Amino acid sequence: MAVPVIMPRQGNTVESCIVTKWFKKPGDKVATGDLLFSYETDKAAFEEESKVEGTLLAAFYGEGDDVPCLYNMCVIGNEGEDYAQFDPRGEQKAPEAVETVKETPVEQPVEAQAQTPISGEMKISPRARALASKTGADLSRVSPTGPDGRVIARDVQALVDAGAVITPAARDDFVPGTAGTGLGGRVTLVDLEARPAAAAAAPAAAKAVEKAQEPEFYTEPMTNIRKVIARSMSLSLSSMAQLTHNLSFDCTAIQALRKTLKEKGEPFGMDKISLNDIVMYAVAKTLMQPENRALNANLIDDGKTMKYFRHVNLGMAVDTDRGLMVPTIFAADTLSLKELSDKAKELAKACKSGAIDPDLLQGGSFTVSNVGSLGIESFTPVINPPQTGILGVCGITTRVKDVAGQMVMYPAMNLSLTYDHRALDGMPASRFLKSLKDNLESFTLLLARG
């Protein structure tokens, strides 16, 4: 019996996902546990495994398609079995469900010696088309490796790596007498490289023309996660009255503790605790002080209602290849330093691998963003709405202070607090920074209080 496979809903707030890769194509045999396809939300990436055995009868969407959650993605059953009732597009269509473009007869890939034309239509994903447009890849030489003979991004990249690109320098009017083997008889770089000494007859002139006609810029669409970040940051800056206060503290105590943990903490699993873990622990404890409740809150209902949290759901900014992610350490104030450190590393790893649960990327009451490793001394972090504050953690610099009439050098770390002036005034924000400074400079006492 035919069984449909749906696009999963990863998190309560996810409405649709983008198909990134098919591992099977219609007609392939499928075993339980085989990977069917991969997909991504605006924040994380996932892979879908088959729950049944059979034959992949149809794939209703192609790579690059934005598919609503819970829609049928494909059907697995017995060969020849009818699957029309499962087609979410309203009518039965070709199983490959991919974009097609009309082309004149094209040739085999650059590796092939014989130039046998391939007739018909070229199936190509939107991402591959964009890459080909940007790089000038000669699609007449492409070797499709996608599902059902579809050209995907890696195929285009293979052309670029092999030098099979069309450039202004590769036109007939620049290199007379060269026989073109590209699409429509065009001369490509492959032709030029195969041409004897005559191909290099006028290299300076060709390079000059190519440089003169080289576009001054290129465009590419923003990624989904970048679009989400753009919307969120624009909303934050346009809807809040944001102000930033800066305060530095003497980090001698936490540096000494970090050194001790690194040297002697391995038997207790505490040798990997970082300075950022220590700062986040202090932030969670400081936010729980009653006078700081306005920073452990969300401002909702268009600024009409304050939502105060009974625990600190601490957001932690994580830099990934796909963009900034902010997973939440729920009830961070109830965790020990080791527990908080372990949770932070677990969330950061999930974000960087793309496997983070979208539900863990929301629900925060306050956020910490650390750019200290890059030597930043001060910055203005932007609040993650509807939160009312965010703490920027900066790098360590050497400063001088007066101790009993003596000028003493010490390591200083700057803290940059951005807060929503609609939710609290400057004095409460400053008092929070002062309390955090005191707790960090006397961190062992903070640990003792628990």
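Is Ser143 buried, partly exposed or exposed? With a relative accessible area of 35%, Ser143 is partly exposed; on this scale, buried means under 20% relative accessible area, exposed over 50%, and partly exposed in between, computed with a 1.4 Å probe on protein chains only. The residue is placed in the loop between helix 1 (126-135) and helix 2 (153-161), where helices (H or I, at least four residues) and strands (E, at least two) are DSSP runs numbered from the N terminus. Ser143 and Asp155 are 12 residues apart along the chain, and their C-alpha atoms are separated by 6.3 Å.

The model is predicted, so that local features need pLDDT of at least 70 and side-chain atom pairs count only at pLDDT 80 or more, whereas totals for chains, interfaces and linings use all residues. Residues are numbered from 1 along each chain as its sequence is written, and side-chain values use heavy atoms, with hydrogens and water left out.

The overall composition comes next. The secondary structure of the chain amounts to 10 helices and 20 strands. Of its 450 residues, 44% count as buried. A contact requires heavy atoms within 4.5 Å. Among the contacts in the chain with a separation of 6 or more, 61% are made by residues 24 or more positions apart.

Rings of Phe, Tyr and Trp (the six-membered ring for Trp) pair if their centres lie within 6.5 Å; planes under 30 degrees apart count as stacked, over 60 as edge-to-face and the rest as tilted. The whole structure contains 6 aromatic pairs by this criterion. One of them joins Phe37 and Tyr39 in a tilted arrangement, 5.8 Å centre to centre with 50° between the planes. Both partners are buried: Phe37 has a relative accessible area of 0%, and Tyr39 has a relative accessibility of 1%.

A charge sits over a ring if NZ of Lys or CZ of Arg is within 6 Å of the ring centre and within 35 degrees of the ring normal. The charged end of Arg293 is placed in this way over the ring of Tyr308, 4.0 Å from the ring centre. Likewise, the charged end of Lys401 sits over the ring of Tyr410, at 4.7 Å from the centre.

Opposite charges meet in salt bridges, each defined as a side-chain nitrogen of Lys or Arg within 4 Å of a carboxyl oxygen of Asp or Glu. The search of the whole structure finds 14 salt bridges. In one of these, the side chains of Glu15 and Arg9 meet at 4.0 Å, N to O. Glu15 is exposed at 56% relative accessibility, while Arg9 is partly exposed at 35%.

Another salt bridge pairs Lys24 with Asp34, with 3.5 Å between the closest N and O atoms. Because Lys24 lies in the loop between strand 2 (16-22) and strand 3 (29-30), and Asp34 in the loop between strand 3 and strand 4 (35-40), the pair ties together parts that are 10 residues apart in sequence. Lys24 is buried, with a relative accessible area of 18%, and Asp34 is partly exposed at 23%.

Lys29 and Glu79 form a further salt bridge, their closest N and O atoms being 2.9 Å apart. Lys29 belongs to strand 3 and Glu79 to the loop between strand 8 (72-77) and strand 9 (100-102), so this pair ties together parts that are 50 residues apart in sequence. Both residues are exposed, Lys29 at 53% relative accessibility and Glu79 with a relative accessible area of 58%.

Thr320 belongs to strand 15 (residues 318-320) and is buried, with a relative accessible area of 11%. A polar atom of the Thr320 side chain lies 2.5 Å from the backbone oxygen of Gly323. Not counting residues up to four places away in sequence, Thr320 touches Met325, Cys351 and Lys352. Of these, Cys351 is buried at 1% relative accessibility.

Finally, the cysteines. With a disulfide defined as a pair of cysteine sulfur atoms within 2.5 Å, the count comes to 0 disulfides. Cys69 is accordingly in no disulfide, and the nearest cysteine sulfur, that of Cys17, is 4.1 Å away. Cys69 counts as buried, at 6% relative accessibility.

Key
A polar contact is a pair of N or O atoms within 3.5 Å; within protein, one must be able to donate a hydrogen and the other to accept it, and residues adjacent in sequence count only if both atoms are side-chain atoms.
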